[in-house]
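User: I'd like to learn how to read a few features of a protein model. Can you walk me through them, general idea first and then the case at hand?

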Amino acid sequence: MNKTYNKKENIFLSFLLVCLILFNTSCGLDTYYVIDPPTLVINEPIYSSIDPSSWYFEFYTTENDYEGVKFLGTEVYYKIYRSSSRMESEYKTIVATANNIETSSSAADKLINNYKYKPLGAYGNYSQSVLIPSAGMNRLVHIRLSDYPPYQAQILVGGANIYNSSSIVIPVRNISRTGDNSFNFKNMDSSLRPKKGDEDVDYSGSGSDSIWYVAMFAVEVGQDSTYSTINSNVLFLGSVTISAE
């Protein structure tokens, strides 16, 4: 009687063990990848500055190799505001999220999905998966959004034009329309300047259609084995004023 009972008990325990193994295999924990953000800002412009020589963004990328992750490069996100106070309130909230250890992992998602920042583009290079493709080493990035003679709008990476371009690479807005999408609002037709309804413009708050404010962040980007995008924490790059007058 005891032998029969022990045999049944062993069969039950073996069955339970198999079930636990199968459950753990099918419901294993998801792999969570973390990639390093850009960490060093060399020049952080402030929108209230009246010195055109300082109206540029400059920072270093952080380009590392990761197990299980293909590092793609660096993306720069921007947003145009009609109100400087609205801009300052939003970018300070995003910075606070990024600087809090408990919320930093959600900073990029909030930047992109909650606050609707757009990836900065480069004229003539819309097919790039990211603005600054990986080169396997940290590089200095210089971005001036608009022309203020003698300073010219351009994107430089490591002191050179990106994409092996012999011509100056100009930053452009990421919007779905044809025509001049540069940030040279003063030198373009008024119909092409930022306006209410543009997907990269926050029109709320008090302001003027002749003065615009732009804030920017940098994010490192990777891709896992399922081709899902992995974003690093965000780095605030600064803010500038762009006049259309």
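Analyst: A cavity is a set of grid points where a 1.4 Å probe fits but cannot get out. Keep in mind that this is a predicted model. It holds one cavity of 30 Å³ or more.

User: What volume does the largest cavity have, and which residues line it?

Analyst: Its volume is about 40 Å³. The lining is made up of Trp55, Arg144, Leu145, Ser146, Tyr148, Val240, Thr241 and Ile242. Strand E13 (residues 229-243) gives the largest share, three residues.

User: Next, Glu90: is it buried or exposed?

Analyst: The cut-off for buried is under 20% relative accessible area. Glu90 has 7% relative accessibility, so it counts as buried. You'll find Glu90 in helix H2 (residues 84-99).

User: Which residues does Glu90 touch there?

Analyst: Leaving out residues up to four places away in sequence, Glu90 touches Lys79, Tyr81, Tyr115 and Asp202. With Tyr81 there is also a side-chain polar contact of 2.7 Å.

User: Now helix H3: which of its residues are buried?

Analyst: In H3 (residues 107-114), they are Ala107, Ala108 and Leu111. These cover an arc of only 105° around the axis, so they sit on the same side of H3.

User: What do the buried residues of H3 pack against?

Analyst: They pack against strand E3 (70-81), H2, strand E12 (211-223) and E13. One backbone detail to look at: just after H3, Lys116 takes a positive phi of about 60°.

Technical notes: Residues numbered from 1 in each chain as written. Predicted model: local features only at pLDDT ≥ 70, side-chain atom pairs only at ≥ 80, totals over all residues. Heavy atoms only, no water. 1 Å grid on protein atoms, 1.4 Å probe; cavity = no way out; pocket = protein on both sides within 12 Å on 5 of 7 lines; lining within 4 Å. Points joined across faces, edges and corners; volume = space filled by probe spheres on them. Helix = DSSP H or I, 4+ residues; strand = E, 2+ residues; numbered from the N terminus. Buried < 20%, exposed > 50% of the residue type's maximum accessible area, 1.4 Å probe, protein only. Polar contact = N/O pair within 3.5 Å; in protein donor to acceptor, adjacent residues only side chain to side chain. Contact = heavy atoms within 4.5 Å. Arc of directions from axis to C-beta.
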